[in-house]
Amino acid sequence: MSMFSTGILVLTSPLHTLPLRIAPVLSSAAQVVERTLYVHLHPGLNLGAGGGQPRPVFIQPVVDLSSLITGLYSNAAYVCGHLDVRVLLTNVRAQPNNASSPETGGTGVACNPFPSPQPLSHSPEVVLTDFALQDPGQFPLVAQCLQKYTGHCYVCTPGLASVLLHPQLQKLEEEVEEGQKDDWDSRSERMETYSDVVVGGTFDRLHGAHKTLLNISCLLANKRFLIGVCDQELLKKKVLRELIEPYALRVQRLQEFLQDVKPSLQYEFVPLSEPFGPSVIDAQLQCIVVSEETRRGGEAVNKKRLENGVPGLVLHEIQLLKDAHHTEMEEEKISSSSLRSRLLGTLLTDPKQNKSHLPLVPYVIGLTGGSGSGKSSIAQQLEALGAVRIDSDQLGHETYRPGEVAYNRVLEEFGSDLINEDKTINRRALGRKVFGNKERLKALTDIVWPEIALLVKERIQQAREEGKQVCVVDAAVLLEAGWTDIVHEVWVAVIPEEEAVSRIMVRDGVSQEDAVRRLQSQWPNTQQVEQANVVLCTLWEPEITQKQVRKAWDLLQKRIQQSREGAKPPS
């Protein structure tokens with residue numbers, strides 16, 4: 001079966017049977033769609049009726065619908081985690097009880113929720129459905145009805161394909177009683193909805209738990225949805241905060257997702273540098289959506305609101321989604337921190353294309369990281385796996401030897417009083433001359449760094465002559481010195497600053513102040529990660545680091561093989 005980038009799944013089964021169908025339906029859909037899967041809910045939709053083309057209608061927000069959304073995202077994380085699943089709610093809206101209301105046209109059923117087709121961030125190329133064919137001969141009619149129905153609701157790619165998933169689904173033990181389809185919402189408790197709803201979070205790398213929170217908030221909101229997005233101070237204690245997406249990118253992805261889900265709402269995004277933001281002063285807000293984990297935070301918001309003289313918020317609590325793929329070092333729930341930890345050792349950004357001047361053999365990794373980051377231990381592990389390690393710090397010592405170019409230039413620049421009795425340079429005294437003086441430090445690095453780079457190139461050439469496949473340049477100043485043009489990839493080792501300070505104090509026997517000063521003289525983690533192709537972290541037990549390094553090495557071997565195959569002339 002052909003694969004499509006984007007699809008839309010129209011679910012027609014009665015609401016009370018859908019939970020049984022979700023996993024097999026999503027699993028089948030994942031065989032057809034490879035990137036984005038929109039989900040449109042219309043329980044009871046009959047695509048095989050002979051009474052004309054079926055039309056979309058508004059459906060009521062009910063408690064069972066909230067549970068269905070939670071189950072859908074939970075199952076999606078398990079059976080099709082590679083798909084960006086989005087449950088659409090344009091046709092879900094609370095209706096007035098008055099059947100003769102002008103809004104319902106006097107029928108008790110609202111007018112068309114899609115006056116014109118809704119544009120989506122990604123135009124569907126295929127529509128899928130769980131609708132059950134009573135007769136295989138119905139397929140052309142059902143496919144045509146499905147395409148017209150979907151085209152009435154959403155802007156789709158011309159030539160929209162259609163796929164009926166029902167033949168691939170396992171037969172359900174529970175049969176739907178006739179007559180229940182049109183009465184799906186009458187057996188479920190209707191949800192209380194609110195004009196203004198608020199949530200808060202980091203929203204890094206939108207995942208199923210985020211989407212559940214956002215979707216249910218959209219169900220609850222009739223007018224405005226306020227989203228507080230953690231920034232600055234609130235990110236400092238986050239695990240692997242260096243890998244958290246920039247605030248602007250997180251907000252952009254939230255906007256895209258929410259505009260797809262429910263474009264009728266007014267969305268407001270607020271950066272949070274402290275826990276409460278506008279939630280404690282905005283008198284228009286009526287409801288805050290929390291999880292069992294963040295309920296205390298919601299209660300703290302209400303306490304602050306009462307202190308500020310504004311009414312408390314209704315706390316609507318949702319379930320946490322369990323992560324079926326979590327490891328021992330990860331949380332049991334689906335979380336951004338777990339997703340960030342899984343990025344360690346993987347290729348975050350493709351190597352720059354301007355590396356054509358570098359021979360593919362050996363493939364050169366530039367490994368860097370701040371003091372105390374565990375960079376050298378990672379280099380040693382890579383060496384044990386077969387890489388040639390080039391220690392730039394050791395090469396730096398060689399440049400200061402008598403007779404070397406850098407030796408003479410340093411003495412000319414900084415004075416002959418630096419010479420020891422054995423004619424070597426007193427590097428401690430040299431350090432005192434440049435410490436705290438950026439101009440003098442630059443004068444020194446302008447002399448030494450180019451000489452170290454020449455020695456690195458010599459070692460790489462030596463490895464090439466020996467037939468070595470991979471070199472690792474272990475260099476704390478790789479990025480500052482501008483040596484990225486002599487390596488194929490940049491790998492960065494990171495560690496939280498407080499852990500780095502502790503390690504430096506123990507390793508070097510220096511004070512906390514000296515350790516902090518040393519770190520502050522180097523590039524911060526975030527700046528290094530911006531230029532990294534691969535990131536590693538030694539925060540946890542050595543076994544965890546070893547797994548990261550092994551993972552990074554195995555993925556590297558695949559990239560090297562692919563790059564060399566791509567460089568071969570066609571046969």
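Which element gives the most to the lining of the largest pocket? That element is α12, with nine residues.

## Basis of the model

This is a predicted model, in which local features need pLDDT of at least 70 and side-chain atom pairs count only at pLDDT 80 or more, while totals for chains, interfaces and linings use all residues. Residues are numbered from 1 along each chain as its sequence is written, and side-chain values use heavy atoms, with hydrogens and water left out.

Helices (H or I, at least four residues) and strands (E, at least two) are DSSP runs, numbered from the N terminus.

## The largest pocket

Rolling a probe the size of a water molecule over the atoms shows where empty space is left. A pocket is found on a 1 Å grid over the protein atoms alone, as an open set of points with protein on both sides within 12 Å along at least five of seven lines; lining residues have an atom within 4 Å of a point. Grid points are joined across faces, edges and corners, and a volume is the space filled by probe spheres set on the points.

The largest pocket has a volume of about 2200 Å³. It is lined by 50 residues, and the closest to its centre are Leu441, Val477, Arg518, Ser521 and Gln522. Elements that give two or more residues to this lining include β12 (388–391), α9 (392–399), α11 (427–434) and α12 (438–465). The lining holds 15 nonpolar, 19 polar and 16 charged residues. Here Ala, Val, Leu, Ile, Met, Phe, Trp, Tyr, Cys and Pro count as nonpolar, Asp, Glu, Lys and Arg as charged, and the others, Gly among them, as polar.

## The second largest pocket

The second largest pocket has about 1100 Å³ of space. Of its 42 lining residues, Gly200, Gly201, Thr202, Lys238 and Thr294 are the closest to its centre. The lining divides into 22 nonpolar, 15 polar and five charged residues.

## Salt bridges

Side chains of opposite charge can pair when their charged atoms come close. The structure holds 27 salt bridges, each a side-chain nitrogen of Lys or Arg within 4 Å of a carboxyl oxygen of Asp or Glu. One of them joins lysine 375 and aspartate 474, with the closest N and O atoms 2.5 Å apart. This pair links distant parts of the chain, helix α8 (residues 375–384) and strand β13 (residues 470–474), 99 residues apart. Lysine 375 is buried at 12% relative accessibility, and aspartate 474 is buried at 2%; buried means under 20% relative accessible area, exposed over 50%, and partly exposed in between (1.4 Å probe, protein chains only).

Arginine 550 and aspartate 554 form another salt bridge, at 3.3 Å between the closest N and O atoms. Both lie in helix α16 (residues 542–567), four residues apart, about one turn of the helix. Arginine 550 is partly exposed at 42%, and aspartate 554 is partly exposed at 34%.

## Backbone exceptions

Most residues other than glycine have a negative phi, and most peptide bonds are trans. The peptide bond from valine 361 to proline 362 is cis, with omega near -5°. Proline 362 is in the loop between α7 and β11 (363–369).

Phenylalanine 203 is not a glycine, yet has a positive phi of about 55°. It is in the loop between β6 and α4 and is buried, at 2% relative accessibility. Glutamine 232 also has a positive phi, near 55°. Glutamine 232 lies in the loop between β7 and α5 (247–261) and is exposed, at 54%.

Definitions and conventions:
1 Å grid on protein atoms, 1.4 Å probe; cavity = no way out; pocket = protein on both sides within 12 Å on 5 of 7 lines; lining within 4 Å.
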